[in-house]
Amino acid sequence: MNRPKTMTRSRFAEGAVEWLIRASAFSAIVGLFLIFIFIGKEALPILTSPDVRKEANISKLFLPQDQAHPYSWQPVSEIPKYSILPLFVGTLKMTLVAVLFAIPLALGAALFTSEFSPGWLKEFIKPIIELLAGIPSVVLGFFALMVMASYVQELFGIVYRLNAINAGIALGLAVIPIVYTVADDALTSVPKSYREASMAMGASPWQTAWRVVFPAALPGILAACVLGFGRAIGETMIVLMASGNAAIMSWNLAKPARSLSATIAAELGEVVVGSAHYHVLFFIGISLFIFTFVLNMFAHWFVARLQKKVLGTI
Amino acid sequence: MSISSLEARELNLYYGNFHALKNVTVRIAEHAITSIIGPSGCGKSTLLRVFNRMNDLIATVRVTGQVLMHGRDIYSRQLDTASLRKRVGMVFQRPNPFPLSIFENVAYGPKIHALVEKHELAELVANSLKKTGLWEQLKDKLNDSALSLPPEQQQRLCISRLLATEPEVLLMDEPCSALDPIATAKIEELMLELKDKYTIVIVTHNMQQAARISDFTAFMLLGELLEFDSTSAIFTNPQHPKTQDYVTGRFG
Ligand SMILES: Nc1ncnc2c1ncn2[C@@H]1O[C@H](COP(=O)(O)OP(=O)(O)OP(=O)(O)O)[C@@H](O)[C@H]1O
Ligand SMILES: [Mg+2]
């Protein structure tokens, strides 16, 4: 009776593998949860501790303070000021530039490689764009700081060499491969039968791509954009190096800017543990965490809804 | 024989080195149903796709001979494929409505060919759905996704989508093979209604179907058009022994 024995053994192996996979999935969730707890715990004194609240509380973080400088981030001055609005504005404006720069380029490239380019050209373009994803962000930041900044300054005629446009474009370079890869997958997986039906009706390849393939791939394309957006918001090294790092409350893209993530990276190393400044930095951290989490949840929900609409289950 | 709408003369088609259609000469009668039968791989779909030049999309394809529509060569330089395909529509084996709303599916052809003004579009869509008998069932859910429909209605929708561009010829490549018998019967009924206004060419593996609905039948074997005649002649008095064998089910 050899058979049953091997059967049970393979069953056992299958069970073990299944258990292992389940455990690793859960460990990711547990890890995420622990990170949230840890950062949240360090941020909490902003709301609860009287000592900390004297220096930094929600209203000082978000509301205008004195007349001359209503919003300033000066955590190490004699009277520390902890307004985080300039950092929010900085993050948002650089993210905006990055997204406006990267998404059209990435989607255009994806549309080109999936619909129009001959096979050999796609085999050439795709790996190159994906290689861009492999460049460490410190290298991209260095490039933006040393090389690109001068050209950007000249091109746009900007006073400051390091500014939000420069950082945004550098950030865009990091966003392009993500958006491209996911969007190209979404476009390529649109069934050939749709293209055939469209061409057989006398549509041109352009009409087919724009009116049939693109809408069919829309859920995936939106997911690509959200991933790119998330990457832009969280990216630290590039903005730290290329933005000039001045916490200015201004939507002017030509001025230097400072992001939430770069602030944490630059200041957490030297802050006095347990000080108001320390807790504010953690508060920024948890804000970023919650923001990206909510953004992802919303995007997930929205994409699923769109998918249902395209596939006709609602 | 009645007036011919489409005609192929000494047509040869090659996929690279593979000779897929050999010296095919055939005349497709106007306002009639012509079926193309034959064993798998004999070139039925290839012949069908010659008439709307869908084979052009395959890089390796080479065509010699003539294909005429009302006496004009459809492979000539002057003729653009977009206007040809508007006049010669195609229904595929698997229903393939676009992943858009029912309305947008039917409006697709008129939009890309700029056939009507915007305010006339709704009426055109309604008329096209009426021609296939879908209007009553679908008029209240035109904004639903076309993919939410059952297969038979999807196939009808694909036919409506073609009728919206007012074609002359409908090419159908095994349009019922993904449908159940009841749905098949309904589509056949529709085809019989449509043949008053349209010329229909259908590829089918279903011998009964060819016998039931078509006026003319072409039998193909290994890239050759072996026999072409009225359907009754093909099924009751075939000239070629191979045709006899095939229609009586001895091979295929
Ligand atoms: N794109 C292609 N490249 C090369 N050969 C092809 C191509 N398409 C079809 N063929 C070959 O041409 C021949 C005819 O194909 P076709 O699809 O026209 O047959 P068919 O009669 O429609 O078969 P079926 O009944 O299975 O649909 C087959 O031998 C097939 O292998
Ligand atoms: Mg076929």
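Select helix H1 (residues 44-50) of chain B, which gives the most to the shell around ligand 1, with 3 residues; helices here are DSSP runs of H or I with at least four residues, numbered from the N terminus. The model is predicted, so local features need pLDDT of at least 70 and side-chain atom pairs pLDDT 80 or more, while totals for chains, interfaces and linings use all residues. Residues are numbered from 1 along each chain as its sequence is written, chains are lettered from A and ligands numbered from 1 in the order written, and side-chain values use heavy atoms, without hydrogens and water.

Next, display ligand 1. The residues surrounding ligand 1 include B:Tyr15, B:Phe18, B:Lys44 and B:Glu174, where a residue counts if one of its heavy atoms lies within 4 Å.

Now select B:Ser40, where a side-chain N or O atom is 2.6 Å from an oxygen atom of ligand 1. At B:Gly41, a backbone N or O atom lies 2.8 Å from an oxygen atom of the ligand. The side chain of B:His205 has an N or O atom 3.1 Å from an oxygen atom of ligand 1.

Then move to the boundary between the chains. Here 20 residues of chain A are in contact with 26 residues of chain B (contact means heavy atoms within 4.5 Å). Select B:Arg49 and A:Glu196, which form a salt bridge with their closest N and O atoms 3.0 Å apart (a side-chain nitrogen of Lys or Arg within 4 Å of a carboxyl oxygen of Asp or Glu).

Finally, select helix H9 (192-200) of chain A. H9(A) gives the most to the side of chain A that touches chain B, with 7 residues.

Terms used: Helix = DSSP H or I, 4+ residues; strand = E, 2+ residues; numbered from the N terminus. Polar contact = N/O pair within 3.5 Å; in protein donor to acceptor, adjacent residues only side chain to side chain.
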